Amino acid sequence: MNIQELKKHDLHMHSKYSFDGAKDGTAEIDVIVKTAIERGLSEIAICDHCDIDDILDGIYEPYPKDEIRADILAAKKKYSGKIKINYGIELGEPHVRPDEATALIDECGFDFVIGSLHNLRGYPDFAFLRYTEMTPEHIDWLARRNISELCEIARFPKIDTLAHITYMGRYFANDGIDYDFMKHETAWRELFHIIIENGIALEVNTSCLRKASIPEGKRKFMPDADLLRLYFDCSGTRLTLGSDAHTAKDIAAGFEEAGQMISKQIG
């Protein structure tokens, strides 16, 4: 694995078209691409949010597919030869609405599809749960369900990479809970074997490193070093790096640290 080359590819970032993308001009697609070039990247994927279950249930606004496509195709033309721009999507919970998710992918013809899990079936986003009011048994149940539904997403036939598999851990940390995901080692091994068999890459997401709401000593990669080591132990080899930037200043943030962490697990 060429770590230096891996660090030149930020394959998870959001533009102004994501509901939580910066609206101050720093998430305009043109600004994103210029910043990526300035930072020496050779490839990016602009993957705006589409949590398809919540969109179809009317919780989120409709996915603005026409506007996104037009802006990204214009950027591809403008910056041709300077950087590879992937027309992507972060497709949340495709296993909940698989027919609609498949139809969207087929219609849009994305270059790159991120599969992700922000909420369990029938639950709100992990960000909105109150973990300090839960028993350890309930938290364990949520963690097991998280892995189980990630396995369902990994079986969805249109995914290129599986993102931030310990996303819920970000909010555990916010609530001061230091959770040991490795207690579910058998379930994680099942997930890793599924993504390997289906040719899906595993994303190393760096966004927690810059979350002010998380105490410095609790900021971890998603997945962390222990889970990444387990992935390699399962014969996994395919990784993507994602800053999960929602503003241009965060593009490729944490990639140096991620490269060091990955190298240690390989070595």
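Contact here means heavy atoms within 4.5 Å. On that basis, and leaving aside neighbours within four places in sequence, Thr-247 touches Ala-22 and Thr-26. Keep in mind that this is a predicted model.

- You'll find Thr-247 in the loop that runs between β7 and α10 (255-266).
- Thr-247 has 14% relative accessibility, and the cut-off for buried is under 20%, so Thr-247 counts as buried.
- Thr-26 turns up again at the side-chain level: a polar contact of 2.6 Å links the side chains of Thr-247 and Thr-26.

**The largest pocket**

- The largest pocket holds about 370 Å³ of space.
- Its lining takes in 22 residues, and those closest to the centre are Asp-20, Arg-170, Tyr-171, Lys-211 and His-246.
- Which elements each supply at least two residues of this lining? They are β2 (43-51) and α7 (167-174).
- Helix α7 has the largest share of the lining of the largest pocket, at three residues.
- Sorted by class, the lining of the largest pocket comes out as nine charged, seven polar and six nonpolar residues.

**The second largest pocket**

- About 210 Å³ of space sits in the second largest pocket.
- It has 13 lining residues, with Leu-6, Ala-201, Arg-238, Leu-239 and Thr-240 nearest the centre.
- Strands β1 (9-13) and β7 (239-242) are the elements that give two or more residues to the lining of the second largest pocket.
- Of the elements, β7 gives the most to the lining of the second largest pocket, with three residues.
- By class, the lining of the second largest pocket splits into seven nonpolar, four polar and two charged residues.

- The largest cavity has about 190 Å³ of space.
- Sixteen residues line the largest cavity, and Gly-169, Arg-170, Phe-181, Lys-218 and Lys-220 lie nearest its centre.
- The lining of the largest cavity has nine nonpolar, five charged and two polar residues.
- Lys-218 itself belongs to the loop between β6 (201-205) and α9 (225-233).
- Leaving aside neighbours within four places in sequence, Lys-218 is in contact with Ala-173 and Asp-178.
- With Asp-178, there is also a polar contact of 3.5 Å between the side chains of Lys-218 and Asp-178.
- For a sense of scale, Lys-218 and Glu-5 sit 213 residues apart in sequence and 28 Å apart in space, C-alpha to C-alpha.

**The buried strand β4**

- Why is strand β4 (residues 112-116) described as largely enclosed by the rest of the structure? Because five of its five residues are buried.
- In a regular strand, side chains alternate between the two faces of the sheet.
- In β4, Phe-112, Ile-114 and Ser-116 point one way, Val-113 and Gly-115 point the other way, and all are buried.
- Strand β3 (residues 84-92) runs parallel to β4, and five bridges join the two.
- One of the pairings to look up on screen is Ile-89, whose bridge partner in β4 is Val-113.

- The peptide bond from Met-222 to Pro-223 is cis, with omega near 0°.
- Pro-223 lies in the loop between β6 and α9, and Lys-218 is also placed in the loop between those two elements.
- Glu-93 isn't a glycine, yet its phi is positive, near 55°.
- Glu-93 is in the loop between β3 and α5 (98-108), and it is buried, with a relative accessible area of 0%.
- Asp-244 is another residue other than glycine with a positive phi, this one near 60°.
- Asp-244 is found in the loop between β7 and α10, where Thr-247 also has its place.
- At 6% relative accessibility, Asp-244 counts as buried.

Conventions:
Residues are numbered from 1 along each chain as its sequence is written. This is a predicted model: local features need pLDDT of at least 70, side-chain atom pairs count only at pLDDT 80 or more; totals for chains, interfaces and linings use all residues. Side-chain values use heavy atoms; hydrogens and water are left out. On a 1 Å grid over the protein atoms alone, a cavity is a set of points where a 1.4 Å probe fits but cannot get out, and a pocket is an open set with protein on both sides within 12 Å along at least five of seven lines; lining residues have an atom within 4 Å of a point. Grid points are joined across faces, edges and corners, and a volume is the space filled by probe spheres set on the points. Helices (H or I, at least four residues) and strands (E, at least two) are DSSP runs, numbered from the N terminus. Ala, Val, Leu, Ile, Met, Phe, Trp, Tyr, Cys and Pro count as nonpolar, Asp, Glu, Lys and Arg as charged, and the others, Gly among them, as polar. Buried means under 20% relative accessible area, exposed over 50%, partly exposed in between (1.4 Å probe, protein chains only). A polar contact is a pair of N or O atoms within 3.5 Å; within protein, one must be able to donate a hydrogen and the other to accept it, and residues adjacent in sequence count only if both atoms are side-chain atoms. Two strands pair if DSSP finds at least two bridges between them.
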